[in-house]
Amino acid sequence: MKIKCVLIDDEPLAIKVLQNYFTNFTDFEVIGTFNNSLEALDFINSTSVDAVFLDINMPMMTGFELISLIENKTKVIITTAFREFAAESYDLDVLDYLVKPIPLPRFIKCINKITTEFNVKNNIKVETTKGDSHIFIKVDKKMMKINIEEILFVEGMKEYIKVVTPDKTYITHKSLTSLSEELPADRFLRIHKSYVIALNKVKSIEGNRIQIQSYTIPIGRNYSKEVKNKILE
């Protein structure tokens, strides 16, 4: 079941940017794009739409006026170059407020919000422990969705990191510190300046080495005490 989205903006480039972003998320489908508020409203009220990405400054009818005329409970995400309308938009119960130019990481957070709302609305149960069940990383110009539970460890390699799972290894241009902040702190631990491991994947620990499946990972001298306290507690 895909999440159906509509894009409404009088700037073709703004719509193109969002369309390009959406190509990275296979759970989503853009079923309509509009630069005319009236045509968009008619489509939304006569079609099953899960999320609407809506610019505020539209000809004929503003984005806020359009929201007041939507008959169903479609979730609305504001996309605008102006920050000052944020408070007013949340009074209208919008799901999110994206300021142009919209950075991809911010768009991903919005995608996660929409997914959560969609799952709740459709009574879809997602097996999670704490926090998000997945992360997105950019690999060869594509945003790859990786289930957190599958991650064995992450290795830092100067300007890149390597995310290792049982079936595949992903390499992306990102810092180890940045990615580790996206992982649940109760499930992952930094054991070396170049390694973050999944605690529940540890097979054994001997001296200053940890075994995870067939991988032997060093424990940094400055991390040794915390690592052993955490793993052997």
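**Exercise 1. Decide whether F22 is buried or exposed in this predicted model.**

Solution. Take the relative accessible area of F22: 5%. Buried means under 20%. F22 is therefore buried.

Now treat F107 in the same way. Its relative accessibility is 0%. F107 therefore counts as buried too.

**Exercise 2. Classify the ring pair F22 and F107.**

Solution. A pair of aromatic rings is described by the distance of the centres and the angle of the planes. Start with the distance: the centres of F22 and F107 lie 5.2 Å apart. The cut-off for a pair is within 6.5 Å. Next, the angle: the planes stand at 85°. Over 60 degrees counts as edge-to-face. So the F22 and F107 pair is edge-to-face.

Then place the pair in the chain. F22 sits in helix α1 (residues 12–22), and F107 in helix α5 (residues 104–121).

**Exercise 3. Classify the ring pair F53 and F107.**

Solution. The centres of F53 and F107 are 6.0 Å apart, and the planes are at 35°. Stacked needs under 30 degrees, edge-to-face over 60. F53 belongs to strand β3 (residues 51–55), and F107 to helix α5, 54 residues away. Both F53 and F107 are buried.

**Exercise 4. Which residues do ring pairs link into a cluster with F107?**

Solution. Besides F107, the cluster holds Y21, F22, F25, F28, F53 and F136. The whole structure has 12 aromatic pairs.

Terms used. Residues are numbered from 1 along each chain as its sequence is written. This is a predicted model: local features need pLDDT of at least 70, side-chain atom pairs count only at pLDDT 80 or more; totals for chains, interfaces and linings use all residues. Side-chain values use heavy atoms; hydrogens and water are left out. Helices (H or I, at least four residues) and strands (E, at least two) are DSSP runs, numbered from the N terminus. Buried means under 20% relative accessible area, exposed over 50%, partly exposed in between (1.4 Å probe, protein chains only).
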